[in-house]
Amino acid sequence: MSSVAIPIPRDAVDQVLPRVLPHLTRAVDKSDGWTVDLAIRRIHNNQALLWAVIDGRETIGCALTELHDDCAYVALVGGVRWTEWRSELSKVEEWARLAGVRCVKIDGRRGWSRLLSRDGYQTDEAGMLSKDV
């Protein structure tokens with residue numbers, strides 16, 4: 001089965017949250033300045049969009065995206081088997097284009113730069129992975 005990333009409408013977040021919470025918690029634990037409560041509050045306040053990554057009936061990951069100025073920002077990513085679903089990042093890129101922004105930025109771990117360079121991401125002056133869309 002192949003994985004698919006799905007943006008979760010705000011009115012469905014509470015239904016999906018139990019399935020993504022373990023992944024969101026792990027992502028928050030590896031981040032700077034984020035808490036699970038802050039992430040959920042930003043989602044409910046329409047400041048962030050929650051994405052669930054589904055493989056069959058299993059939720060294998062999640063991401064949290066935000067729009068800032070002229071870029072989409074992937075603030076949190078958590079899950080298992082990430083190399084199998086990293087191609088789903090193209091859906092975030094398409095969402096960013098439709099939102100009218102010029103780039104996607106990812107605050108990711110060091111090893112991600114090697115993987116995502118294959119997809120056109122470069123490390124910018126702030127140390128974030130960035131790609132024009």
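Here are some friendly notes on this predicted model, point by point.

1. **Ground rules.** The model is predicted, so local features need pLDDT of at least 70 and side-chain atom pairs count only at pLDDT 80 or more, while totals for chains, interfaces and linings use all residues. Residues are numbered from 1 along each chain as its sequence is written, and side-chain values use heavy atoms, with hydrogens and water left out.

2. **Strand S2.** Buried here means under 20% relative accessible area, exposed means over 50%, and partly exposed lies in between, with a 1.4 Å probe and protein chains only. Both faces of S2 are covered: Leu 49, Trp 51, Val 53 and Asp 55 are buried on one side, and Leu 50, Ala 52 and Ile 54 are buried on the other.

3. **Neighbours of S2.** Strand S1 (residues 3–8) pairs with S2 in the antiparallel sense over 6 bridges; two strands pair if DSSP finds at least two bridges between them. Within that pairing, Ala 5 has Val 53 of S2 as its bridge partner. Strand S3 (residues 58–68) also runs antiparallel to S2, joined to it by 7 bridges, and here Trp 51 has Ala 63 of S3 as its bridge partner. The hairpin of S2 and S3 has 2 residues between the strands, and Gly 56 takes a positive phi near 65° there.

4. **Ser 3 in S1.** Ser 3 is found in strand S1 and counts as buried at 12% relative accessibility. Leaving aside residues up to four places away in sequence, Ser 3 touches Val 53, Ile 54, Asp 55, Ile 60, Trp 85 and Glu 88, where contact means heavy atoms within 4.5 Å.

5. **Salt bridges, starting with Arg 42.** The structure holds 11 salt bridges, each a side-chain nitrogen of Lys or Arg within 4 Å of a carboxyl oxygen of Asp or Glu. One of them joins the side chains of Arg 42 and Glu 66, at 2.4 Å from N to O. This pair links distant parts of the chain, with Arg 42 in helix H2 (residues 36–44) and Glu 66 in strand S3, 24 residues apart. Glu 66 counts as buried, at 3% relative accessibility.

6. Arg 81 and Glu 58 meet through their side chains in a salt bridge of 3.7 Å, N to O. Here too the pair links distant parts of the chain: Arg 81 sits in the loop between strand S4 (71–79) and helix H3 (82–85), and Glu 58 is in strand S3, 23 residues apart. Arg 81 counts as partly exposed at 32% relative accessibility, and Glu 58 also counts as partly exposed, at 41%. A network of salt bridges links Asp 55, Glu 58, Arg 81 and Glu 84.

7. **Lys 91 and Glu 88.** Lys 91 forms a salt bridge with Glu 88, and their closest N and O atoms are 2.9 Å apart. Which of the two is buried? Glu 88 is, with a relative accessible area of 12%, whereas Lys 91 counts as partly exposed at 32% relative accessibility.

8. **Helix H4.** Helix H4 spans residues 89–99, with Leu 89, Val 92, Glu 93 and Ala 96 buried. Seen down the axis of H4, its buried residues fall within an arc of 100°, so they line one face of the helix; the arc is that of the directions from the helix axis to the C-beta atoms. An α-helix has 3.6 residues a turn, so residues three or four places apart point the same way. After H4 comes Gly 100, whose phi is positive, near 85°.

9. **The cavity.** How many cavities of 30 Å³ or more does the structure hold? There is 1, and about 140 Å³ of space lies in the largest cavity. A cavity is a set of points, on a 1 Å grid over the protein atoms alone, where a 1.4 Å probe fits but cannot get out, and lining residues have an atom within 4 Å of a point. Grid points are joined across faces, edges and corners, and the volume is the space filled by probe spheres set on the points. The lining has 14 residues, of which Ala 63, Val 77, Trp 85, Leu 89 and Val 92 lie nearest the centre. S2, S4, H3 and H4 each supply at least two residues of this lining.

Notes. Helices (H or I, at least four residues) and strands (E, at least two) are DSSP runs, numbered from the N terminus. On a 1 Å grid over the protein atoms alone, a cavity is a set of points where a 1.4 Å probe fits but cannot get out, and a pocket is an open set with protein on both sides within 12 Å along at least five of seven lines; lining residues have an atom within 4 Å of a point.
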